[in-house]
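Good morning, colleagues. Please look at the display as I begin.

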Amino acid sequence: MSITRKWSAKQQRSLEILIRLKRLYPDATCTLNYETPVQLMVATILSAQCTDERVNQVTPGLFRQFPDAVAIASADIEVLETLVRSTGFYRNKAKNIQGACRMIVKEYGGQVPKQMDKLLKLPGVARKTANVVLAHAYGINQGVTVDTHVKRLSQRLGLTEHTDPIRIERDLMGLLPQEDWENWSIRLIYHGRAICKARKPDCDACVLADLCTSADLAEATTTTTDSWKTNATVTASD
């Protein structure tokens with residue numbers, strides 16, 4: 001089989017996975033609470049190695065006291081550290097959040113930039129945070145957000161062989177329509193939390209099992225054999 005045909009088959013399987021995830025999680029959205037782009041940026045930085053639930057417990061008090069980039073930029077760093085302490089790695093997070101806000105105030109008039117290259121210059125902002133901010137604050141799908149769930153499931157589904165998030169992102173960008181890059185990540189995160197857990201994935205209850213190269217079923221799933229090939233011709237955005 002040629003490389004082209006292999007790639008085409010993987011693309012169609014990816015589209016069928018996307019279609020099923022949309023049906024399973026039709027209302028999936030960003031679970032971080034925010035009102036402005038800078039608040040989303042701050043919340044996303046805080047979410048590193050921390051649950052969104054915990055971040056949402058912390059940010060109301062944080063944003064009540066420091067609602068925008070100007071306020072955060074001039075805040076007492078010890079106060080910031082205290083407010084974000086429960087999210088873990090609080091000293092580094094507070095330092096990066098303040099550093100990013102100071103740069104936003106100084107170079108971008110207090111507004112979070114809409115360009116990937118400018119976002120990546122901000123302290124504490126890597127591609128994951130930048131993708132989240134661009135997609136949810138500005139409606140710009142610049143890339144695919146790769147967190148631990150997306151990394152794990154993309155590997156298990158056989159959509160990438162890489163471990164580096166940037167390489168995983170490139171693989172996924174080549175497999176999926178650009179308009180679905182961010183909602184793919186959100187739905188995969190939902191599925192990772194509910195079904196495809198790190199320690200014990202529930203393959204018998206997974207609607208993606210027949211498409212998954214790592215599914216461990218008591219009996220091989222055969223009822224949907226070849227059906228994805230037909231369904232994948234449907235536009236993934238339907």
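Predicted model: local features only at pLDDT ≥ 70, side-chain atom pairs only at ≥ 80, totals over all residues.

Of the 238 residues in this protein, 47% are buried.

As to secondary structure, the protein has 12 helices and 0 strands. Where contacts join residues at least 6 apart in sequence, 64% of them link residues at least 24 apart.

Let me now turn to one helix, α2, which spans residues 37-46. How many of its 10 residues are buried? The count is 9, and the helix is therefore described as mostly covered, with buried meaning under 20% relative accessible area. Among the buried positions are V38, L40, M41, V42 and I45, and also Q39 and T44.

Against which elements do the buried residues of α2 pack? The partners are α3 (52-65), α4 (69-73), α5 (77-84), α6 (90-108) and α8 (127-138).

The largest has 38 residues, and M41, V42, L62 and L122 touch the most other members. Two or more residues of this core come from each of α2, α3, α4, α5, α6, α7 (116-119) and α8. If we set aside neighbours within four places in sequence, V42 is in contact with L62, F63, I72 and I97.

Thank you for your attention.

Notes. Residues numbered from 1 in each chain as written. Heavy atoms only, no water. Helix = DSSP H or I, 4+ residues; strand = E, 2+ residues; numbered from the N terminus. Buried < 20%, exposed > 50% of the residue type's maximum accessible area, 1.4 Å probe, protein only. Contact = heavy atoms within 4.5 Å. Core = buried A, V, L, I, M, F, W, Y, C linked by side-chain atoms within 4.5 Å.
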